[in-house]
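Please walk me through this structure.

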Amino acid sequence: MADLLFNLLLSVDATFRVATPLVLCAMAGLFAERSGVVDIGLEGKMLAAAFAAAAVAAVTNSAWLALGAGMAVSVALALLHGFACITHRGDQVVSGVAINILVSGLTVVLGIAWFARGGQTPSVGNEARFTPINWPGAEALADVPVIGGLYSELLSGHNLLVYVAFLIVPLTWWIVYRTRFGLRLRAVGENPNAVDTAGISVSGLRYAAMGCCGLLCGIAGTYLSIAQNAAFVRDMTAGQGYIALAAMIFGKWRPVPAMLACLMFGFLDAVAIRLQGVVVPVIGPIPVQLIQALPYVLTVVLLAGFIGKAVAPKASGIPYVKER
Amino acid sequence: MAAAPGKIPRWVDVALIPLVNIALAFIVSGFILWTIDVDPLTALKTILVGAFGYSDAIGYTLYYTTNFVFTGLAVAVAFHAGLFNIGGEGQAYIGGLGVGLGILLVDSSLPFLLILPISILLAAAFGAAWAAVPAYLQAYRGSHIVITTIMFNFIAAALMVYLMVNVLIQPGSMSPESREFAPEGQLPFMHEVFGWFGIEVTPSPLNLSVVWAAICCVLVWAFIWRTRWGYEIRTVGANETAAVYAGIDPRRVIMLAMCVSGALAGFVGINEIMGVHHRLLLNFTAGYGFTGIAVSLMGRNHPIGIVLASLLFGMLYQGGAELAFEEPKVTRELVVTIQGLVILFSGALAYMMKGPIERAYLRIAGGLGRPAGQEG
């Protein structure tokens with residue numbers, strides 16, 4: 001029994017690590033979609049940031065410069081998306097797809113040209129990474145039953161960006177629901193005409209939202225390459241941007257439910273490896289692929305309206321044309 | 001602000017603006033090459049020679065082109081109904097599964113001439129079925145087709161890994177591949193076809209499915225512009241409200257367009273599984289479904305444009321492989337980068353150059369026309 005509990009604890013611990021980039025990206029997508037811009041390009045921005053952060057970390061040996069580079073590249077791509085869909089009223093989905101494909105090619109092209117390691121960046125030492133932070137007394141408390149395990153395994157021992165990700169969730173909630181900017185953000189995603197009539201720039205708000213989106217994807221990418229790992233590997237996001245998008249929809253475009261969806265998807269991912277070969281009575285062995293596909297299946301089921309109704313912001317995906 | 005409509009001739013809109021957009025994509029690609037110390041012009045020459053310089057290179061180029069025609073047509077048919085089918089990759093994957101399952105079941109008992117139509121039907125049926133679920137959810141449950149087709153790509157990938165690793169793997173084999181098809185279940189290569197007539201051609205993966213791709217282009221053209229269904233699809237794509245007033249049921253049109261789209265994507269399975277690999281395996285779609293988006297946007301959703309765009313991408317894939325071989329600093333992913341840029345400039349930023357080009361045209365045409373006509 002204690003063994004099972006400990007295993008569960010480790011799975012939950014792993015869940016936080018797996019869910020961190022998902023949470024960051026889901027919040028990024030939330031800012032974009034709440035402002036009325038559909039962003040399929042979370043994946044691409046995260047991948048670009050991961051590459052930029054790993055490259056800068058390898059060259060400068062500074063984790064902070066790397067984080068800055070990751071965020072800068074991601075914001076630049078977010079603004080490119082904005083330039084295409086807000087300024088030129090291009091198709092938002094097409095633009096997102098373009099960014100994803102562009103980045104998945106460009107990171108490998110530049111990686112090979114600059115580092116000549118088959119698309120990888122050189123692995124960086126701990127001084128250029130975000131390393132686990134051990135909370136005071138974690139070692140001493142580790143042997144205390146229940147509380148010790150919770151404290152030393154769950155709360156302590158993550159890197160800075162994990163804590164940042166989970167602090168961003170209440171911050172996002174506060175910005176979206178308790179600030180003037182948030183009110184306008186929600187309004188511009190529902191009824192841009194009304195916002196325009198009130199004399200507030202629709203484009204300005206949407207660009208600002210894309211800026212937030214880019215910053216958060218930048219942190220997520222940096223986390224992948226120099227906090228969770230020590231180098232950039234080609235296509236290292238592996239669809240996590242899409243899972244985050246799914247989680248945001250699953251959370252019905254609200255911060256806390258979106259975070260919970262990320263944790264659920266992260267938990268599925270964390271237990272998938274442990275459940276390999278486990279035989280469940282009646283059903284038989286669980287295929288790992290089923291658990292891996294579960295986030296996507298669940299999202300489709302939710303979108304189909306079988307678990308409540310997922311209603312997107314009304315103006316989401318529609319370019320705003322100012323009447324003249 | 002914009003110039004009065006009607007004054008801009010059609011060729012500016014249909015040919016000039018798309019060409020300028022594609023040129024921009026290639027200029028940026030050249031710039032990327034330049035930043036990594038590769039001379040863009042030398043690279044272009046290597047790509048061209050690598051794609052058309054010798055006979056098996058042409059075979060490879062056309063083999064890639066075949067895949068892009070199928071996925072490009074798939075995306076285009078959905079676009080005509082105003083739908084963005086991003087799930088070509090998954091539909092091609094499942095279409096290939098259908099082809100493989102069918103051939104594995106019957107290749108020892110039926111002749112080739114029966115297996116071929118069965119395979120084509122199965123590719124279409126499986127691809128269409130994989131597109132039908134997102135289509136149904138969009139049409140009848142209001143869930144967004146972009147998101148559901150993305151999800152279905154991932155579900156298809158997981159399903160294929162499960163089937164290949166656990167069910168279809170050849171017993172005793174280490175790699176997740178099925179057994180090889182019997183000769184009756186293999187589509188002849190084009191060098192074999194030419195061989196029947198005594199013409200010697202260098203071997204390449206190009207197979208008979210290139211002929212099927214050409215037939216599909218004609219069929220899609222006839223379907224979209226010469227049938228009542230195509231008319232309904234275009235009407236819904238242009239104006240759904242008007243379509244409803246005209247007595248067209250958009251829900252049925254969505255189902256129809258997506259099923260045709262999925263079936264076309266499924267034909268990638270004919271080329272890859274029946275034509276080249278002769279067995280079921282993982283990842284044979286290799287991103288062709290996504291390239292279809294670039295092909296369709298570049299070809300402006302018309303079969304002729306799609307054939308031209310497919311040729312261009314076939315050239316880039318084959319020539320890009322040669323370039324990667326010649327030039328150690330360049331990888332095949334350069335082609336993926338170009339693909340992304342093409343989607344960006346001819347898709348997302350399609351309107352960016354419209355205004356400036358139209359104004360420039362009016363200024364030039366106005367400057368030339370005034371002395372003769374004097375009408376304002």
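**Loops of chain A**

A:Lys252 sits in the loop between H11 and helix H12 (255–274) of chain A. Helices (H or I, at least four residues) and strands (E, at least two) are DSSP runs, numbered from the N terminus. The model is a predicted one: local features need pLDDT of at least 70, side-chain atom pairs count only at pLDDT 80 or more, and totals for chains, interfaces and linings use all residues. Residues are numbered from 1 along each chain as its sequence is written, while chains are lettered from A and ligands numbered from 1 in the order in which they are written.

The phi angle of A:Lys252 is near 55°, a positive value in a residue other than glycine. A:Lys252 counts as partly exposed because it has 15 C-beta neighbours inside 10 Å. The scale is simple: a residue is buried if 20 or more other C-beta atoms lie within 10 Å of its own, exposed if 12 or fewer, and partly exposed in between, with C-beta atoms placed from the backbone.

A:Ala238 lies in the loop between helix H10 (202–228) and helix H11 (240–250) of chain A. Its phi is near 45°, a positive value in a residue other than glycine. A:Ala238 has 12 other C-beta atoms within 10 Å, so it is exposed.

Now turn to A:Gly125. It belongs to the loop between helix H4 (92–115) and strand S1 (132–133) of chain A. A:Gly125 counts as exposed, because it has 10 C-beta neighbours inside 10 Å. A:Gly125 and A:Leu79 are 46 residues apart in sequence and, C-alpha to C-alpha, 32 Å apart in space.

The largest nonpolar core has 231 residues. Such a core is a set of buried Ala, Val, Leu, Ile, Met, Phe, Trp, Tyr and Cys residues joined through C-beta atoms within 7 Å. A:Leu216, A:Ala247 and A:Cys262 have the most contacts inside it. Leaving aside neighbours within four places in sequence, A:Cys262 is in contact with residues including A:Ala19, A:Leu22 and A:Ala247. Contact requires C-beta atoms, placed from the backbone, within 7 Å.

Chain B has helix pairs to follow. H5(B) and H6(B) pack at an angle of about 150°, with their axes 9 Å apart. Axes are lines fitted to C-alpha atoms, for helices over the stretch in contact, and angles run from 0 to 180 degrees between N-to-C directions. H5(B) and H6(B) are therefore roughly antiparallel to each other; that label needs an angle over 145 degrees. B:Trp130 and B:Leu137 are among the H5(B) residues that meet H6(B), where B:Phe152 is one of the partners.

Helix H3 (residues 55–80) and helix H11 (residues 250–266) of chain B have axes that come within 7 Å and cross at roughly 175°. H3(B) and H11(B) are therefore roughly antiparallel too. B:Phe70 and B:Val77 are among the H3(B) residues in this contact, and B:Met258 and B:Leu264 among those of H11(B).

In helix H9 (residues 228–238) of chain B, B:Gly230, B:Glu232, B:Ile233, B:Thr235 and B:Val236 are buried. Their cover includes H3, helix H8 (209–226), helix H10 (240–245) and H11 of chain B.

Finally, the chains meet. Here 39 residues of chain B are in contact with 36 residues of chain A. On the chain B side, the elements giving two or more residues are helix H5 (112–141), helix H6 (145–167), helix H13 (288–298) and helix H15 (333–348).

Definitions and conventions:
Two residues are in contact if their C-beta atoms, placed from the backbone, lie within 7 Å. Angles under 35 degrees count as roughly parallel, over 145 as roughly antiparallel, 65 to 115 as roughly perpendicular and the rest as oblique.
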